[in-house]
Every structure is written in structure tokens, then in C-alpha cells.
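Subject: Structure handover and notes on what was found

Dear colleague,

I am passing on the structure below, together with my notes on it.

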Protein chains: 2
Amino acid sequence: MVEAANLAKKLELFTEHWSPKIVSEYNGNEVMVVKFQGAYAWHKHDETDDFFYVLKGKMRLETEQGNVDMGPGDLYVVPKGVMHRPVADEEVHVMLIEPRGEPNSGDPATAATKVWI
Amino acid sequence: MVEAANLAKKLELFTEHWSPKIVSEYNGNEVMVVKFQGAYAWHKHDETDDFFYVLKGKMRLETEQGNVDMGPGDLYVVPKGVMHRPVADEEVHVMLIEPRGEPNSGDPATAATKVWI
């Protein structure tokens, strides 16, 4: 059987913040959903762009190139090598895409463990 | 200045069907929005998966592995090499991701010209 992944339903399955869950794959990239609130650590990905698409709530992507205010339906791809951190005053739900195995923090030592949901 | 792409606003900028518009790029892939209604031709992409995320309306992805009924917030990635065609009884708005230059029909002879919006 083939079935779509409904992202809102996937997001009902967990409550923790800063813990991306894999819902699909595309050409060796992991498509994930994540919930977060507050400010993440500044970091960069030297070898990959970083895909953010806001599903619910508001966030700000602070980057060394400027800040990006984002709400539902907003998409922004942080170019590889660019320092950035996501910040949200209230809980936000986001679709992320990163290459399989890429540490979300840019550093394996501090990265979240990504699991399928 | 850095700015997010709001997909709903991008979709207000055109009316034609089956004509994907590029809104961003991720690691050499084009992130697109498209409107369509009716049935597309059966095709496959031998070298790439095909990413579909429904933004508005309903569609059915008919594939040789089964049919996938999709509504807003539903994500499905057609594996490479799998025959498929999207079908929509009424107009649907979809986010697509394909490698830069990939013909949306699987064949350069019948592919739509993708332009930035």
C-alpha cells in the first residue's frame, strides 16, 4: 500500500522540541517535521543548504546575511556555509529537509538523533 | 536583504495549469509551486524521486504501486523509476521538488519550461 504522510497528524505524535522526526525521503535527503520554541545555537552546514518551511506558528531565521521573519506557508533555504539560528517566541511547527545523516546542529557532537515517525 | 517565499502569494501570481514555477533552490534541486486540474500523462523519472506536497485542494497520485489520495498537508515522494501521474478533479496547488533541469514530464520533448516567479 502506498500512503501520503499528513504532516499535521505526524506532528500530533510527539511533543518534544528541537527533535526532528523523519516522515519521508527524497534522493538521499530526509524530509522532517519539528516543533520548537526559543532560540537554537548559531551554526552552519558547510556542505549543504538548509530547507525551512513553516507549517504552523511564527519563527525568525536569524542569519549572518540578515533576519527572515516567517509564518505559515513561508519557505526559506539557508545557503550552505551561512551561519544561522532559528528563533521562535511561541511554539512553531516546521518542515525541514537535510541530507540523510546531516547533524541538525552542524556538529555530530551536539546533534539531535533523527528517527522516523 | 533576505526574505522568505510565501507560497500562497507566489500562487496568486499565475493562473495556468501544469506550469511549475520555481520559488527557491536546495542543493541543486528546484523548489516549485504548480496549479493543475485534470490528469497528467503517465511518466517516470529514471534518475530522481519526485516530491509532492499539497498546499490547497485535493489530488490523487496514481502510481504503478497504487493510488495515493492527497489533501492539504499531505506529502508523498514517488520513488525514482516508478510510473505515475497526478490527477485532480478540481484545481489543486502543490509544492514540487525536482533536480534542476529535470523535465517534469520525464521527457525533455514534452516538459514544461520552468521559470522563477
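B:Glu30 and B:Lys114 are both buried, a word used here for a relative accessible area under 20%, with exposed meaning over 50% and partly exposed anything in between (1.4 Å probe, protein chains only). These two residues form a salt bridge in which the closest N and O atoms are 3.7 Å apart, where a salt bridge is a side-chain nitrogen of Lys or Arg within 4 Å of a carboxyl oxygen of Asp or Glu. The pair links distant parts of the chain, since B:Glu30 lies in strand E3 of chain B and B:Lys114 in the loop between E8 and E9 of chain B, 84 residues apart. In chain A, salt bridges with shared partners join A:Glu30, A:Glu98 and A:Lys114 into one network. Helices (H or I, at least four residues) and strands (E, at least two) are DSSP runs, numbered from the N terminus.

Before going further, please note that this is a predicted model, in which local features need pLDDT of at least 70 and side-chain atom pairs count only at pLDDT 80 or more, while totals for chains, interfaces and linings use all residues. Residues are numbered from 1 along each chain as its sequence is written, chains are lettered from A and ligands numbered from 1 in the order in which they are written, and side-chain values use heavy atoms, with hydrogens and water left out.

Over all chains, a search of the whole structure finds 14 salt bridges. One of them joins the side chains of B:Glu25 and B:Arg100 at 2.8 Å, N to O, and this pair too links distant parts of the chain, with B:Glu25 in strand E2 of chain B and B:Arg100 in the loop between E8 and strand E9 (115-116), 75 residues apart. B:Glu25 counts as partly exposed because its relative accessible area is 24%. In chain A, the side chains of A:Glu16 and A:Lys21 meet in a salt bridge at 2.9 Å, N to O; A:Glu16 is partly exposed at 35% relative accessibility, whereas A:Lys21 is buried at 7%.

Turning to the interface, the contact (heavy atoms within 4.5 Å) takes 35 residues from chain B and 35 residues from chain A. The area buried between the chains is about 2500 Å², of which carbon and sulfur atoms give 59%; buried area is the accessible area (1.4 Å probe) that two parts lose on being put together, summed over both. On the side of chain B, the residues B:Val2, B:Tyr26 and B:Leu75 lose the most area to chain A, together 28% of what that side buries. Between chain B and chain A the count is 0 salt bridges.

Strand pairing also crosses between the chains: 2 bridges join strand E7 (residues 74-78) of chain A to E1(B), and the two run antiparallel, where pairing requires that DSSP finds at least two bridges between the strands. Within this pairing, A:Asp74 stands opposite B:Asn6 in E1(B).

Finally, B:Leu7 is found in helix H1 (residues 7-11) of chain B and is buried, because its relative accessible area is 1%. Not counting residues up to four places away in sequence, B:Leu7 touches residues of both chains, namely A:Tyr53, A:Gly73, A:Leu75, B:Val23, B:Val33, B:Leu55 and B:Met95.

Best regards
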